[in-house]
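Please open the model in your viewer and keep the sequence panel beside it. The tour below goes from one selection to the next and says what is there at each stop.

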Amino acid sequence: MPRYDRDEVARAAGYASWQEAVGATADLSQQEAARRLGVSHPTVRAWRADLGVGVAAARPSGEQLKAAFRADASDERHGSANGYRNLGCRCERCTGAWTGYQRARRDVGR
């Protein structure tokens, strides 16, 4: 990956500084910003990270997502084998769905 002089790239793209260039292209995808600035998209990603621009907020962990699912009885995934097996729910609907799924799998083998 080539190394770029940040301010030189920004000036060539019509911006006063690389900070201004990154800020002005923050609402664009990395690929589109890279095309506009004339650099590779990993370079745009690194520049954005340096400035804290476009850095995603921390995502919830898998355990947090599972706990939220189990706490929300109105979630449409309740009553599914997925709710029981992958999301760890042991409500009556999910347990029944898992039992039915296992029974159907066992009956196919007969």
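Select Thr25 to begin: with a relative accessible area of 1%, Thr25 is buried, where buried means under 20% relative accessible area, exposed means over 50%, and partly exposed is what falls in between, computed with a 1.4 Å probe on protein chains only. Thr25 lies in the loop between α2 and α3, and helices here are DSSP runs of H or I with at least four residues, as strands are runs of E with at least two, numbered from the N terminus. Leaving aside residues up to four places away in sequence, Thr25 touches Tyr15, Ala33, Arg36, Leu37 and Arg48, a contact being heavy atoms within 4.5 Å.

Before moving on, note that this is a predicted model, in which local features need pLDDT of at least 70 and side-chain atom pairs count only at pLDDT 80 or more, whereas totals for chains, interfaces and linings use all residues. Residues are numbered from 1 along each chain as its sequence is written, and side-chain values use heavy atoms, with hydrogens and water left out.

Next, select helix α3 (residues 30–37) together with helix α4 (residues 41–51), whose axes come within 8 Å and cross at roughly 100°. The axes are lines fitted to C-alpha atoms, for helices over the stretch in contact, and the angles run from 0 to 180 degrees between N-to-C directions. To see the contact itself, show the side chains of Gln30, Gln31, Ala33, Ala34 and Leu37 in α3, which meet His41, Val44, Arg45, Trp47 and Arg48 in α4.

Stay with α4 and colour its buried residues, which are Thr43, Val44, Trp47 and Arg48. Seen down the axis of α4, these residues fall within an arc of 135°, so they line one face of the helix; the arc is that of the directions from the helix axis to the C-beta atoms. The buried residues of α4 pack against α1 (6–12), α2 and α3. Just after α4, look for Gly52, which takes a positive phi of about 70°.

From there, go to Trp18 in helix α2 (residues 18–24). Trp18 is buried, with a relative accessible area of 10%, and its contacts, not counting residues up to four places away in sequence, are Arg6, Asp7, Ala10, Trp47, Asp50 and Leu51. Trp18 and Trp47 are 29 residues apart in sequence, and their C-alpha atoms are 8.4 Å apart in space.

For a contrast, select Gly38, found in the loop between α3 and α4, which is exposed, with a relative accessible area of 53%.

The last stop is helix α7 (residues 92–108), whose 17 residues should span 24 Å at 1.5 Å a residue, and whose end C-alpha atoms are 24 Å apart, which agrees; the expected span is 1.5 Å times one less than the number of residues. Its buried residues are Cys94, Ala97 and Trp98, and they cover an arc of only 100° around the axis, which puts them on the same side of α7. What covers them includes α5 (62–71) and α6 (81–85). Finish on Ala97, which is buried, with a relative accessible area of 19%, and which touches Gly79, Ser80 and Ala81, not counting residues up to four places away in sequence.
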